[in-house]
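Subject: Structure for you to look at

Hello,

Here is the structure I said I would pass on. Please open it first, and then read the notes below with the model on screen.

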Amino acid sequence: MLDSLITVEIKNQIEADFQVNVPLAKFFEEINITQLASFVLLQITTSKAR
(Lines give C-alpha, C1' and ligand atoms only; values in the text may rest on other atoms or scores of the structure.)
Protein backbone atom coordinates (compact mmCIF):
# COMPACT_ATOMS: atom_id res chain seq x y z
CA MET A 1 0.00 0.00 0.00
CA LEU A 2 1.09 3.54 -0.66
CA ASP A 3 0.76 6.46 1.67
CA SER A 4 -1.70 9.17 0.65
CA LEU A 5 0.92 11.74 -0.42
CA ILE A 6 2.64 9.32 -2.80
CA THR A 7 -0.76 8.20 -4.08
CA VAL A 8 -1.74 11.77 -4.98
CA GLU A 9 1.63 12.36 -6.65
CA ILE A 10 1.27 9.23 -8.78
CA LYS A 11 -2.33 10.14 -9.67
CA ASN A 12 -1.31 13.66 -10.69
CA GLN A 13 1.62 12.40 -12.76
CA ILE A 14 -0.53 9.87 -14.63
CA GLU A 15 -3.11 12.57 -15.36
CA ALA A 16 -0.44 15.03 -16.54
CA ASP A 17 1.36 12.51 -18.73
CA PHE A 18 -1.67 10.82 -20.29
CA GLN A 19 -4.47 13.42 -19.94
CA VAL A 20 -6.83 10.91 -18.36
CA ASN A 21 -8.79 11.19 -15.15
CA VAL A 22 -7.97 8.51 -12.60
CA PRO A 23 -10.33 8.58 -9.61
CA LEU A 24 -8.44 8.69 -6.33
CA ALA A 25 -10.60 5.83 -5.10
CA LYS A 26 -8.91 3.58 -7.68
CA PHE A 27 -5.70 3.81 -5.69
CA PHE A 28 -7.36 2.74 -2.46
CA GLU A 29 -8.84 -0.40 -3.96
CA GLU A 30 -6.73 -3.52 -3.91
CA ILE A 31 -5.23 -2.81 -7.32
CA ASN A 32 -1.85 -3.82 -8.66
CA ILE A 33 0.25 -2.02 -11.24
CA THR A 34 -0.99 -4.23 -14.08
CA GLN A 35 -4.62 -3.47 -13.25
CA LEU A 36 -3.87 0.24 -12.92
CA ALA A 37 -2.08 0.25 -16.28
CA SER A 38 -5.04 -1.54 -17.89
CA PHE A 39 -7.42 1.05 -16.43
CA VAL A 40 -5.30 3.94 -17.74
CA LEU A 41 -4.98 2.32 -21.16
CA LEU A 42 -8.74 1.85 -21.34
CA GLN A 43 -9.23 5.52 -20.44
CA ILE A 44 -6.75 6.59 -23.14
CA THR A 45 -8.37 4.46 -25.85
CA THR A 46 -11.87 5.55 -24.81
CA SER A 47 -10.99 9.24 -24.87
CA LYS A 48 -9.34 8.96 -28.31
CA ALA A 49 -12.40 7.16 -29.69
CA ARG A 50 -14.62 10.13 -28.89
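Which helices do the buried residues of helix 1 pack against? The buried residues of helix 1 pack against helix 2 and helix 3.

Some ground rules come before the rest. This is a predicted model, in which local features need pLDDT of at least 70 and side-chain atom pairs count only at pLDDT 80 or more, while totals for chains, interfaces and linings use all residues. Residues are numbered from 1 along each chain as its sequence is written, and side-chain values use heavy atoms, with hydrogens and water left out. Helices (H or I, at least four residues) and strands (E, at least two) are DSSP runs, numbered from the N terminus. Buried means under 20% relative accessible area, exposed over 50%, and partly exposed in between, with a 1.4 Å probe and protein chains only. Contact means heavy atoms within 4.5 Å.

Helix 1

Helix 1 covers residues 4-18. At 1.5 Å a residue, its 15 residues should span 21 Å, and its end C-alpha atoms are 21 Å apart, which agrees; the expected span is 1.5 Å times one less than the number of residues. The buried residues of this helix are Thr7, Lys11 and Ile14. Seen down the axis of helix 1, they fall within an arc of 65 degrees, so they line one face of the helix. The arc is that of the directions from the helix axis to the C-beta atoms. An α-helix has 3.6 residues a turn, so residues three or four places apart point the same way.

Valine 8 is also in helix 1, but valine 8 is partly exposed, with a relative accessible area of 32%.

Lysine 11 is worth a look. Its relative accessible area is 14%, so lysine 11 counts as buried. Leaving aside neighbours within four places in sequence, lysine 11 is in contact with Asn21, Val22, Pro23, Leu24 and Phe27. Lysine 11 also forms a salt bridge with glutamate 15, the closest N and O atoms being 2.6 Å apart. A salt bridge is a side-chain nitrogen of Lys or Arg within 4 Å of a carboxyl oxygen of Asp or Glu. The two residues are four apart in helix 1, and are therefore separated by about one helical turn.

By this rule the count comes to two salt bridges. The side chains of lysine 26 and glutamate 29 also meet in one, at 3.6 Å from N to O. Glutamate 29 is partly exposed, with a relative accessible area of 42%.

The loop after helix 1

Helix 1 is followed by glutamine 19, which lies in the loop between helix 1 and helix 2. Most residues other than glycine have a negative phi. Glutamine 19 is exposed, with a relative accessible area of 61%.

Valine 22 lies in that loop too, but at 0% relative accessibility valine 22 counts as buried. Leaving aside neighbours within four places in sequence, its contacts include Lys11, Ile14, Phe27, Leu36 and Phe39.

Helix 3 and the core

Helix 3 covers residues 33-49. Its 17 residues should span 24 Å at 1.5 Å a residue, and its end C-alpha atoms are 24 Å apart, which agrees. Leu36, Phe39, Val40 and Ile44 are buried in helix 3. They cover an arc of only 135 degrees around the axis, which puts them on the same side of helix 3. Thr34, Leu41 and Ala49 are exposed on the other side. What covers the buried residues of helix 3 includes helix 1 and helix 2 (24-28). At the start of helix 3, a side-chain oxygen of asparagine 32 reaches to within 3.0 Å of the backbone nitrogen of threonine 34.

Which residues make up the largest nonpolar core? There are eight: Ile14, Val20, Val22, Phe27, Leu36, Phe39, Val40 and Ile44. The largest share of this core, four residues, comes from helix 3. A nonpolar core is a set of buried Ala, Val, Leu, Ile, Met, Phe, Trp, Tyr and Cys residues joined through side-chain atoms within 4.5 Å. In soluble globular proteins, nonpolar side chains tend to be buried together.

Regards

How values were computed:
A polar contact is a pair of N or O atoms within 3.5 Å; within protein, one must be able to donate a hydrogen and the other to accept it, and residues adjacent in sequence count only if both atoms are side-chain atoms.
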